[in-house]
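Keep the sequence beside the coordinates as you read.

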Amino acid sequence: MSFKPSPVASRSVVLPLTRPQLAEARRVRAAELFGQGRASAEIARMLEVSAESVRRWKRVWEEGGADALRRRPATGRPPKLDDAQVEQVRTALEQGAQAHGFEADLWTLERVGLVVERMTGVSLSRASVWRLLTGRLGWSLQRPERRAVERDESEIARWIAHEWPRIKRGR
């Protein structure tokens, strides 16, 4: 198992809005419509949501304004690595596994965890390393093709061309 930068992570591509972003945009639009004095049923039809959702949003809007309908940052424990450390790790990983003393140039969760600990002094679980690679760095899982070192492509081609037809005919 190995990890590489995702093709999307290396290009500047405008991605479609995520579901939470779309939901927030819908609530903000509802706030604009509340300000115009539109009826809840009309807003529900326009935004293609339930009337109950519009009534709930309206209560929140009346108490806290449009900002109360915006997304809030995720609660919970802050990340162990700050943005500068993540960039430091990215630079280290882009040098390749062999540059960090590993035999093969493949990144595994264990190897990335070791490099993170060497670079930052922070010990991460396998799950946290996975989230770092896929979430914060935008890398994706790459599985190497398993091929024998002794594999001889010309001998395989000869066997398919000559031996296989003979076997297939039953001779």
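Buried here means under 20% relative accessible area, exposed means over 50%, and partly exposed lies in between, with a 1.4 Å probe and protein chains only as cover. Helices (H or I, at least four residues) and strands (E, at least two) are DSSP runs, numbered from the N terminus. The arc is that of the directions from the helix axis to the C-beta atoms. After α7 comes Gly 138, with a positive phi near 75°.

The model is predicted: local features need pLDDT of at least 70, side-chain atom pairs count only at pLDDT 80 or more, and totals for chains, interfaces and linings use all residues. Residues are numbered from 1 along each chain as its sequence is written, and side-chain values use heavy atoms, with hydrogens and water left out. The pLDDT is the predictor's confidence in each residue, from 0 to 100. Its mean for the protein is 89, and 91% of the residues reach 70 or more. Confidence is lowest in helix α1 (residues 7–10), at a mean of 51, and highest in α6, at 96.

Now the overall layout. The protein has eight helices and two strands. Along the sequence they follow the pattern β-α-α-α-α-α-α-α-β-α. The radius of gyration is 27 Å, well over the 16 Å that the globule rule gives for 171 residues, so the protein is more spread out than a compact globule. That radius is taken over C-alpha atoms, and the rule is 2.2 Å times the number of residues to the power 0.38. Along the principal axes, the C-alpha atoms fill a box of roughly 85 × 55 × 25 Å. Buried residues make up 27% of the 171.

The largest has 19 residues, and Leu 93, Trp 107, Leu 132 and Leu 133 touch the most other members. Helices α5 (83–94), α6 (109–120) and α7 (126–136) each supply at least two residues of this core. Contact means heavy atoms within 4.5 Å. Beyond its neighbours within four places in sequence, Leu 93 is in contact with Trp 107, Val 112, Val 115, Leu 133, Leu 137 and Trp 139. A second, separate core of 10 residues includes Ala 31, Leu 33, Trp 57 and Leu 69.

Turn to α3. Here Ser 40, Ile 43, Ala 44 and Leu 47 are buried. Their arc is only 100° around the axis, which puts them on the same side of α3. Their cover includes α2 (19–35) and α4.

What stands out in the backbone at Glu 48? Most residues other than glycine have a negative phi. Glu 48 is not a glycine, yet its phi is positive, about 55°. Glu 48 lies in the loop between α3 (40–47) and α4 (51–64). At 73% relative accessibility, Glu 48 counts as exposed.

Note on methods: A nonpolar core is a set of buried Ala, Val, Leu, Ile, Met, Phe, Trp, Tyr and Cys residues joined through side-chain atoms within 4.5 Å.
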